[in-house]
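Please open the model in your viewer and keep the selection tool at hand.

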Amino acid sequence: MPTALNLEFAEVQVEPALAAQLACECGPDPASISAAIRNAFESLMGFIRRHQLTENGNPRCIYTAYGATGVAFTVALPVAAGLGPVGEDSSVRVELLPAVKAYRFIHRGPYPDLAQTYHHISGFMKEKGWMKSEADWMRYMPMWEEYLNDPETTPPAELRTYIYLPVSD
């Protein structure tokens, strides 16, 4: 079983944030997830440019369901101000992400290595008694990743990702 020896962990209070958001679904394999997230962020960034919104935080991928048949997630980017009506044809919404208490872990390195970090998080959560099996991940949905730097300009080894698991009091 992996240990928490090298995990960076903190219990944090995440403040609410107004964010442009786009809900998506894809297959469960890592290549499908990666491609779907990349495409979703491209669509979201196009929306932000067209509507001249100002970014106000780091991009997030919020996982709402994960299983053998697929993954449901929402990509979100905090913005500085609200937006008027965008038309019913837009799949992007601008809404408040709620405040939440969460466990925060740090992944250092390329995105394909995230699976290893999640494996270590599972071991850590089991050691703490917060999980008994992999099925317990569902208790921490929606969980999310927050990307701290730009993969277009940051070498893969220097990428940083926060992984948040919400907790109830």
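Is Q52 buried or exposed? Q52 has a relative accessibility of 72% and therefore counts as exposed, where buried means under 20% relative accessible area, exposed over 50% and partly exposed in between, computed with a 1.4 Å probe on protein chains only. Before moving on, note that this is a predicted model, in which local features need pLDDT of at least 70 and side-chain atom pairs count only at pLDDT 80 or more, while totals for chains, interfaces and linings use all residues. Residues are numbered from 1 along each chain as its sequence is written, and side-chain values use heavy atoms, with hydrogens and water left out.

Stay with Q52, which is found in the loop between α1 and β3, and look at its backbone: phi is near 50°, a positive value in a residue other than glycine. Most residues other than glycine have a negative phi, and most peptide bonds are trans.

Now show the whole chain as a cartoon. The protein has two helices and eight strands, running β-β-α-β-β-β-β-α-β-β from the N terminus on; these are DSSP runs numbered from the N terminus, with helices being H or I of at least four residues and strands E of at least two. The C-alpha trace spans about 50 × 35 × 30 Å along its principal axes, and buried residues make up 43% of the 169 residues.

Next, select I37, Y63, L114, E145 and Y147, which are the closest to the centre of the largest pocket among the 33 residues that line it. A pocket here is an open set of points on a 1 Å grid over the protein atoms alone, where a 1.4 Å probe fits, with protein on both sides within 12 Å along at least five of seven lines, and lining residues have an atom within 4 Å of a point. The largest pocket has a volume of about 1,400 Å³, volume being the space filled by probe spheres set on the points, which are joined across faces, edges and corners. Colour α1 (30–50), which supplies the largest share of the lining, eight residues; α1, β3 (60–67), α2 and β7 each supply at least two.

Because Y111 lies in the loop between β6 (100–108) and α2 (114–128) and Y147 in strand β7 (residues 143–147), the pair ties together parts that are 36 residues apart in sequence. Y147 is buried at 9% relative accessibility, whereas Y111, at 25%, is partly exposed.

For a further group of rings, select F9, Y103, F105, F124, W130 and Y140, which ring pairs link into a cluster. Then pick R104 and Y162: the charged end of R104 sits over the ring of Y162, 4.3 Å from its centre, a call that requires NZ of Lys or CZ of Arg within 6 Å of the ring centre and within 35 degrees of the ring normal.

Finish in the loop between α2 and β7, where P142 has its place. The peptide bond from M141 to P142 is cis, with omega near -5°. R139 is found in the loop between α2 and β7 as well, and R139 is exposed, with a relative accessible area of 52%.

Terms used. Phe/Tyr/Trp six-rings, centres within 6.5 Å; stacked < 30°, edge-to-face > 60°.
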